[in-house]
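Try each task before you read its solution.

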Amino acid sequence: AGPVRHDFTPREASVLQLVAEGMMNKEIARRLETSIRNVEKYVSRLFIKTGTASRTELVRYALENGLVE
């Protein structure tokens, strides 16, 4: 099996990186100049696409699969 492929949008990838850096939704929304509601939607989509159920699982998954720096 090769590397895991994900079809993240550029925005989802940005949100994933910021979640991995420990930022909360409010901080991410401010950084990306969007609403908290939009950030919540991106995080929910990331949970679905990665099969995770919490921010901690999401970050672990992202690190294990080389999705974040």
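Axes are lines fitted to C-alpha atoms, for helices over the stretch in contact, and angles run from 0 to 180 degrees between N-to-C directions. Note that this model is predicted.

**Exercise 1.** Find how helices H1 and H3 are oriented to each other, and say which residues meet.

*Solution.* 
1. Locate H1 at residues 10-20 and H3 at residues 36-50.
2. Take the geometry: the axes lie 10 Å apart, at an angle of about 90 degrees.
3. Apply the cut-off: 65 to 115 degrees counts as roughly perpendicular. H1 and H3 are therefore roughly perpendicular.
4. List the partners. H1 brings Arg11, Glu12, Val15, Leu16 and Val19. H3 brings Tyr42, Val43, Arg45, Leu46 and Lys49.
5. Sort these contact residues: six are nonpolar, four are charged and none is polar.

**Exercise 2.** Work out why the buried residues of H2 line one face of the helix.

*Solution.* 
1. H2 spans residues 25-32, and its buried residues are Asn25, Ile28, Ala29 and Leu32.
2. Look down the axis of H2. These buried residues fall within an arc of 100 degrees, so they line one face.
3. Turn to the other side of H2. Lys26, Arg30 and Arg31 are exposed there.
4. Ask what covers the buried residues. The cover includes H1, H3 and helix H4 (55-64).
5. Step just past H2. Glu33 has a positive phi of about 55 degrees.

**Exercise 3.** Decide whether Gln17 is buried or exposed.

*Solution.* 
1. Recall the cut-off: buried means under 20% relative accessible area.
2. Gln17 has 17%, so Gln17 is buried.
3. Leave aside neighbours within four places in sequence. Gln17 then contacts Val68 and Glu69.

Definitions and conventions
Residues are numbered from 1 along each chain as its sequence is written. This is a predicted model: local features need pLDDT of at least 70, side-chain atom pairs count only at pLDDT 80 or more; totals for chains, interfaces and linings use all residues. Side-chain values use heavy atoms; hydrogens and water are left out. Helices (H or I, at least four residues) and strands (E, at least two) are DSSP runs, numbered from the N terminus. Angles under 35 degrees count as roughly parallel, over 145 as roughly antiparallel, 65 to 115 as roughly perpendicular and the rest as oblique. Contact means heavy atoms within 4.5 Å. Ala, Val, Leu, Ile, Met, Phe, Trp, Tyr, Cys and Pro count as nonpolar, Asp, Glu, Lys and Arg as charged, and the others, Gly among them, as polar. Buried means under 20% relative accessible area, exposed over 50%, partly exposed in between (1.4 Å probe, protein chains only). The arc is that of the directions from the helix axis to the C-beta atoms.
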